[in-house]
Amino acid sequence: MKKIFSLFLFILLGCGGNNQKASIESENESSVPKEINIILSSNDNMLFDKQILYAYSRQKITLTLNHNGKLDKKIMGHNFVLLKTGVDVVDFATRALEARENDYIPEGDEIISYTKLIGGGESDTITFDAPTKGTYNYICTFPGHYGIMKGILVVK
Ligand code: CU
């Protein structure tokens with residue numbers, strides 16, 4: 001009988017220890033880093049290497065766009081253009097076609113942030129604050145590219 005009791009006590013103490021450990025390991029919101037680095041690469045096959053990017057609201061995002069191809073930006077130029085909520089991507093990309101002199105960035109107030117247009121072997125880095133929680137479209141506005149060179153930034 002005494003043996004059984006001490007076994008019961010052992011289990012009880014064991015459980016208590018586990019609970020304490022679990023509460024220490026529970027996530028703390030303030031542990032979200034203030035800054036995040038994102039590297040997005042593109043190539044001569046008209047592709048981005050990522051279709052989903054993640055960040056936390058109010059994080060300072062440093063994004064580097066790489067072009068790992070060889071073609072000139074006049075033939076296979078790429079950029080990263082992050083659009084505000086509610087912007088019609090097709091309409092925006094269509095107007096971007098007419099903004100050739102401005103590296104296919106149309107006038108207006110629809111963009112959160114964008115890189116310059118780059119060719120093979122080039123890269124560009126931008127820094128901006130993550131917008132509020134939500135999902136945001138990004139595209140390459142070079143003519144004919146937005147259909148497949150697109151993705152979303154998920155802000156948690
Ligand atoms: Cu492109």
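## Copper site

The 4 donor atoms around the copper ion subtend angles of 80 to 131°, and the arrangement is therefore irregular. The ion is coordinated by His78 (ND1), Cys140 (SG), His145 (ND1) and Met149 (SD), at 2.1 to 2.7 Å. Donors are N, O and S atoms within 2.8 Å of the metal (3.2 Å for Na, K and Ca); water is not among the atoms, so sites may look incomplete.

Along the chain, the donor residues follow the spacing H-x61-C-x4-H-x3-M. Helices (H or I, at least four residues) and strands (E, at least two) are DSSP runs, numbered from the N terminus. Both His78 and Met149 are buried, a class that means under 20% relative accessible area, with exposed over 50% and partly exposed in between (1.4 Å probe, protein chains only).

## Model and confidence

This is a predicted model, in which local features need pLDDT of at least 70 and side-chain atom pairs count only at pLDDT 80 or more, while totals for chains, interfaces and linings use all residues. Residues are numbered from 1 along each chain as its sequence is written, and side-chain values use heavy atoms, with hydrogens and water left out.

The protein chain has a mean pLDDT of 87, and 81% of its residues reach 70 or more; pLDDT is the predictor's confidence in each residue, from 0 to 100. Over residues 1–27 pLDDT stays under 50, and for this stretch the model has 0 contacts beyond four places in sequence. Contact means heavy atoms within 4.5 Å.

## The sheet E1-E3-E6

An open sheet of 3 strands has the order E1-E3-E6 and mixed pairing. Its edge strands are E1 (35–42) and E6 (123–129), each of which pairs on one side only. On average, neighbouring strands of this sheet are turned by 20° against each other, direction ignored; the axes are lines fitted to C-alpha atoms, for helices over the stretch in contact, and angles run from 0 to 180 degrees between N-to-C directions.

E1 and E3 (residues 60–67) pair in the parallel sense over 8 bridges, where pairing requires that DSSP finds at least two bridges between two strands. Ile36 has Ile61 in E3 as its bridge partner. Thr62 also lies in E3; with a relative accessible area of 18%, Thr62 is buried. Not counting residues up to four places away in sequence, Thr62 touches Ile36, Asn37, Ile38, Thr125, Ile126 and Thr127.

## Strands E2 and E8

Strand E2 (residues 52–55) is joined to strand E8 (residues 150–155) by 4 bridges, and the two run parallel. Tyr54 stands opposite Val154 in E8.

Lys156 is placed in the segment after E8 and, at 42% relative accessibility, counts as partly exposed. Beyond four places in sequence, Lys156 touches Tyr54, Ala55, Tyr56, Ser57 and Lys133. The C-alpha atoms of Lys156 and Gly134 are separated by 6.8 Å, although these residues are 22 residues apart along the chain.

## Leu83 in strand E4

Leu83 lies in strand E4 and is buried, with a relative accessible area of 1%. Not counting residues up to four places away in sequence, Leu83 touches Val89, Phe92, Glu110, Ile111, Ile112, Tyr136, Asn137 and Ile139. Leu83 and Ile152 are 69 residues apart in sequence and 9.6 Å apart in space, C-alpha to C-alpha.

## Positive phi values

Most residues other than glycine have a negative phi. Met46, in the loop between E1 and E2, has a positive phi of about 65° although it is not a glycine. At 23% relative accessibility, Met46 counts as partly exposed.

Arg58 is found in the loop between E2 and E3, and its phi is near 70°, a positive value in a residue other than glycine. Arg58 counts as exposed, at 71% relative accessibility.

Technical notes:
Four donors count as tetrahedral if all angles lie between 85 and 135 degrees; four count as square planar and six as octahedral if opposite donors are over 155 degrees apart and all others between 65 and 115; anything else is irregular.
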